[in-house]
Amino acid sequence: MLSTPLAALLARRNVHYGWVVVAVAFITMLVTAAAVGAPGVLIVPLEKEFGWETEQIATAFSIRLLLFGLMGPFAAAFMNYFGVRRVVCVALILIAAGLFASLAMTRIWELVLLWGVVVGFGTGLTAMVLGATVATRWFTERRGLVLGMLTASSATGQLIFMPLMASLSENYGWRTAIVLICAMLLVAVVGVFFLMRDRPSDLGLPAYGDKLVATTLPVTGGLISLITMPLLALKEASRSSTFWVLFATFFVCGASTNGLIGTHFVALCGDYGLAAVGAASVLAMMGFFDFFGTIGSGWLSDRVDNRWLLFWYYGLRGLSLLYLPYSDFSFYGLTLFAMFYGLDWIATVPPTVKLATERFGREKAGLMFGWIFAGHQLGAASAAYGGGFARTEYATYVPAFLVAGILCLIAALLVLTLSKQSKDDAVPEPAPAG
């Protein structure tokens, strides 16, 4: 259990404990994202060892991405009911167990079960919802910056560890890479258990930027209420045109990032003669630029119309994806793509969360963003499978990249259909307690 004196010590130094929670969430999302992204460099080793086709492997990955998203709304409800710390600890242990058990797999159904279902459920219990929950509960001021930092950790975790995973897989076998991820997950469990707290009020603190400690209504009801809460939130949100625009554009976001690039980029480069370690290094370069791009996006989301931010993000991403298949896959060409695309990898998240919070309210933001993020992962799952299908059936990834690029351009136009202020469209917040 966290010692209260730590919060008191930080308070004497004029440091809000929310920054400790952000640091723990940052590391957790970094490691979890590494677990989500690492399989992208393991497609070729699995094909070589077991003789599985790309489409078969991509099926397991698409299930993982689908569950990663569909669990988001329920993760928000679980965090409200059981507390953030308990849910995140269980999630990290579940991911580690699924990956560790996969060391002995020999059949494709075992890959689907362990990397698809078990890891999908575990990663879905944290996902982007953890970052949105921490930012909205602990911060009133600098919320956009915090969202940018936490989003950057998730995106960077998917990319920055890939060269290491590829190198370990190439030199010592893919199982060595999996063992390393399991070890990092267990380290994250320790940090969450000892340092994470659910709300500022648990420590008698106001949220960062507030002067009064917020009172929260106790969560009531049993398991049925817990399970139906996200479904009721979806029913409520479905009446909002804002929700469907954000859902649709985030579908495109998922399809054009971890669904396509995160899953198939290494194999795509291999088709053009670039070794796995070199391709993974390009992904790491994307992660480096994304870290600054997404934090910058969070900073901008506090200051600029978020609709126009999303317009430029989707538009520029679409152009970069249309360019990639026609680059020469040289060092210069891929570096240019990594810089241009990397700055925009998941820069869409802070403006999307900000719009969801503005339109649906702070207390409902986690659940609503959970469903919007489900759209993201539906897109990711579609692209993960679609990319594998294209490569198996047509021996090329080009159709998948062209479709993703066109969808991004459509999303850029769609987001402008949102009105500047949609108070009439918003779902009203509940009356404050007390």
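**Reading a helical fold**

Mentor: The protein chain has 19 helices and zero strands. Keep in mind that this is a predicted model.

Trainee: What share of the residues is buried?

Mentor: Buried means under 20% relative accessible area. In this chain, 58% of the 434 residues qualify.

Trainee: And what makes up the accessible surface?

Mentor: Its total is about 17200 Å², with 69% belonging to carbon and sulfur atoms.

Trainee: How many positive and negative side chains are there?

Mentor: There are 26 positive and 23 negative ones. The centres of the two sets lie 10 Å apart.

Trainee: How do I read sequence separation in the contacts?

Mentor: Take contacts between residues at least 6 apart in sequence. Of these, 86% join residues at least 24 apart.

Trainee: Now one residue. Where is Thr348 found?

Mentor: Thr348 sits in the loop between α16 (331-342) and α17 (349-360).

Trainee: Is Thr348 buried or exposed?

Mentor: Check its relative accessibility against the 20% cut-off. Thr348 has 0%, so it counts as buried.

Trainee: Which residues is Thr348 in contact with, leaving aside neighbours within four places in sequence?

Mentor: Phe250, Cys253, Leu310, Tyr313, Tyr314 and Arg317.

Notes. Residues numbered from 1 in each chain as written. Predicted model: local features only at pLDDT ≥ 70, side-chain atom pairs only at ≥ 80, totals over all residues. Heavy atoms only, no water. Helix = DSSP H or I, 4+ residues; strand = E, 2+ residues; numbered from the N terminus. Buried < 20%, exposed > 50% of the residue type's maximum accessible area, 1.4 Å probe, protein only. Contact = heavy atoms within 4.5 Å. Areas by Shrake-Rupley, 256 points an atom, 1.4 Å probe, with all protein chains shown as cover. Lys, Arg positive; Asp, Glu negative; His and termini not counted. Charge placed at Lys NZ, Arg CZ, Asp CG, Glu CD.
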